[in-house]
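Please read it alongside the sequence and the model.

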Amino acid sequence: MPELASYAVGQHNSRGRCLKEPPPAGRSEFQRDRDRIIHSTAFRRLEYKTQVFVNHEGDLFRTRLTHSLEVAQIARSVARSLQLNEDLTEAIALAHDLGHTPFGHAGQDALHKCMKPYGGFEHNLQSLRVVDMLEQRYAAFDGLNLCFETREGILKHCSLNNARRLGELGKRFIRRQRPSLEAQLANIADEIAYNNHDVDDGLRSGLLTIEQLSNVKMFARHIQAVRREYPKIDGRRLVHETVRRMISSLVVDLTEHGRKQIRRHRPASLDDVRRLPTLITFSTTVKDEQQELKHFLRQHLYQHYQVVRMTAKAQRVVTDLFQAFVAAPRLLPPQYQGTPQTAVARTVADYIAGMTDRYAMREHRRLFAVDEI
Ligand code: MG
């Protein structure tokens, strides 16, 4: 690994783990965090959770697992160029979606609605609950006992109410401070990854067409360049080459603009980073283009009637499950039983959020279909 910049997170300026542990042998503390995340149950389940598409719709689409790997790949390469802590960025990227419900945003919205009277449901905060308490694998503690900076990076946003309850970790939201550059980077790598793979999956599924996408500046520019250079190219290869170039140009812009921002604001330490504005950002032109792409995807993909149908179905499944379990907690598997009455809703939310798409559908059938056991 190249030498870390003075403003990067390192072992010397880390706030460490909640529960002190002997240092790991042969790897850094942040490598250990990454390894714990990879070995967690929640990480494995990402394979059967989707962002936009319901998992059984096709084996070729991104799942949250492949999405998280793409985020990690993008974040790592930028981290290396900017002399940031690659291991920390990777750990954050791999963990950033651990708290997601089944069925992507549809599931999250439905669960949030159900949980409104009980403090709501935020997938970001849920990712933190997963690594802080819900994973039960280590003899000495609940959760994964990750380093402060990894947990801080996982908690991208948080309501002020929740921030007040989080102690040390919530303080930056109250003080309006920034997280580490590694966390800023993982956050924006997430955006690069999902915008581009949604274009790719959208085209592959036939929900989007190249003609439609040609109205989006960034896509049009790259597909034209590919066609100019390779006049005979078509089909999947044309799409892949175009998406590849979009990702690459975004990564280059982010790296160059990030470097410029660092030079301009001259952070000397991690504390400086926390006080300064967000430094890992796109240039203004690229930011505008990204906005245009996002807007396009919202209109044409996320609100496509076929996606809306899946969304409605997903919301029904989550809501039915929630209501059934809260009304009769004895329907819950044994490990979720025995919660005090006041905490039943949160336990049910934890159970549902941990489900994969297909598990949620199966559980719904088990509870509601009379000919199913
Ligand atoms: Mg994500």
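**Metal site and helix packing**

His 67 is buried, at a relative accessible area of 0% (buried means under 20%, exposed over 50% and partly exposed in between, with a 1.4 Å probe and protein chains only). The model is predicted, so local features need pLDDT of at least 70 and side-chain atom pairs count only at pLDDT 80 or more, whereas totals for chains, interfaces and linings use all residues. Residues are numbered from 1 along each chain as its sequence is written, and side-chain values use heavy atoms, with hydrogens and water left out.

**Magnesium site**

- The magnesium ion has as protein donors His 67 (NE2), His 96 (NE2), Asp 97 (OD) and Asp 190 (OD), which lie 2.1 to 2.7 Å from it.
- Donors are N, O and S atoms within 2.8 Å of the metal (3.2 Å for Na, K and Ca); water is not among the atoms, so sites may look incomplete.
- The spacing of these donor residues in sequence is H-x28-H-D-x92-D.
- Because His 67 belongs to helix α3 (residues 64-81) and Asp 190 to helix α10 (residues 181-205), the pair ties together parts that are 123 residues apart in sequence.
- Helices (H or I, at least four residues) are DSSP runs, numbered from the N terminus.
- Asp 190 is also buried, with a relative accessible area of 7%.

**Helices α1 and α4**

- Helix α1 (residues 29-38) and helix α4 (residues 86-95) have axes that come within 8 Å and cross at roughly 20 degrees; axes are lines fitted to C-alpha atoms over the stretch in contact, and angles run from 0 to 180 degrees between N-to-C directions.
- α1 and α4 are therefore roughly parallel to each other (angles under 35 degrees).
- On the α1 side the contact (heavy atoms within 4.5 Å) includes Phe 30, Arg 34 and Ile 37, and on the α4 side it includes Leu 88, Ala 91 and Leu 94.
- In α4, 10 of its 10 residues are buried.
- The elements that cover the buried residues of α4 include α1, α3, α6 (123-134) and α10.

**Helices α5 and α16**

- Helix α5 (residues 104-115) packs on helix α16 (residues 305-327) at an angle of about 35 degrees, with the axes 8 Å apart.
- Among the contact residues are Ala 110, Leu 111 and Cys 114 of α5 and Ala 314, Val 318 and Phe 322 of α16.

Technical notes: Helix = DSSP H or I, 4+ residues; strand = E, 2+ residues; numbered from the N terminus. Parallel < 35°, antiparallel > 145°, perpendicular 65-115°, else oblique.
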